[in-house]
Amino acid sequence: MERVSTMVSQNPVVIFSKTSCCMSHTIKSLIREFGVNPMVYELDEIPRGREIEQALSRLGCPNVPAVFISGECVGGANEVMTLHLNRTLKPMLTRAGALWL
């Protein structure tokens with residue numbers, strides 16, 4: 001879990017994803033459409049990806065995509081889409097320093 005903490009603390013927006021997951025693709029596209037360049041870790045392509053996935057589950061992010069903003073897990077696709085529809089995602093990205101208006 002320490003490794004995950006280090007990974008999410010190095011960038012304002014971090015997405016743990018899988019290349020074959022359509023929801024991961026959707027969330028990465030949504031975040032990028034705002035002009036944000038998230039750090040993306042493809043769990044099915046990186047060394048020890050399975051271990052990281054298990055650590056994410058223990059941290060309360062049991063599914064991919066797992067989105068972290070300012071080092072905090074905001075959730076998966078449903079939670080990120082809810083933030084977007086409530087118009088709170090963009091301000092959150094701005095506060096994190098990932099987006100400049």
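Guide: Two strands are said to pair if DSSP finds at least two bridges between them. Helices (H or I, at least four residues) and strands (E, at least two) are DSSP runs, numbered from the N terminus. In this structure, Ile-15 stands opposite Val-67 in β3. The model is a predicted one, in which local features need pLDDT of at least 70 and side-chain atom pairs count only at pLDDT 80 or more, while totals for chains, interfaces and linings use all residues. Residues are numbered from 1 along each chain as its sequence is written, and side-chain values use heavy atoms, with hydrogens and water left out.

Visitor: What is the order of the strands in the open sheet?

Guide: Strands of a sheet pair through backbone hydrogen bonds, either parallel or antiparallel. Here the open sheet has 4 strands in the order β2-β1-β3-β4, and the pairing is mixed. The edges are held by β2 (39–42) and β4 (72–75); each has a single partner strand, so one side of each lacks a neighbour in the sheet. On average, neighbouring strands are turned by 25° against each other, direction ignored. For such angles, axes are lines fitted to C-alpha atoms, for helices over the stretch in contact, and angles run from 0 to 180 degrees between N-to-C directions.

Visitor: What phi does Ser-70 take in the hairpin of β3 and β4?

Guide: That hairpin has 2 residues between the strands, and Ser-70 takes a positive phi near 55° there, although Ser-70 is not a glycine. A positive phi in a residue other than glycine is also found at Arg-87, with a value near 60°. Arg-87 is placed in the loop between α4 (77–85) and α5 (89–95).

Visitor: Are Ser-70 and Arg-87 buried, partly exposed or exposed?

Guide: A residue is buried under 20% relative accessible area, exposed over 50%, and partly exposed in between (1.4 Å probe, protein chains only). Ser-70 is partly exposed, because its relative accessible area is 47%. Arg-87 has 72% relative accessibility and therefore counts as exposed. Asn-78, in helix α4, counts as exposed because its relative accessibility is 60%.

Visitor: How many residues of β1 are buried?

Guide: In β1, 5 of the 5 residues are buried, so the strand is largely enclosed by the rest of the structure. Val-13, Ile-15 and Ser-17 lie on one side, with Val-14 and Phe-16 on the other, so that both faces are covered by the definition of burial. Ser-17 has a relative accessible area of 0%.

Visitor: With which side chain does that of Ser-17 make a polar contact?

Guide: A polar contact is a pair of N or O atoms within 3.5 Å; within protein, one must be able to donate a hydrogen and the other to accept it, and residues adjacent in sequence count only if both atoms are side-chain atoms. The side chain of Ser-17 makes such a contact with the side chain of Lys-28, at 3.3 Å. Contact in general means heavy atoms within 4.5 Å. Leaving aside neighbours within four places in sequence, the contacts of Ser-17 include Ser-24, Val-40 and Val-64.

Visitor: At roughly what angle do the axes of helix α1 and helix α3 cross?

Guide: Two packed helices are described by the angle between their axes and the distance between the axes. The axes of α1 (residues 2–9) and α3 (residues 49–58) cross at roughly 85° and come within 9 Å. This makes α1 roughly perpendicular to α3, since angles under 35 degrees count as roughly parallel, over 145 as roughly antiparallel, 65 to 115 as roughly perpendicular and the rest as oblique. Arg-3, Val-4 and Met-7 of α1 make the contact with Ile-52, Ala-55 and Leu-56 of α3.
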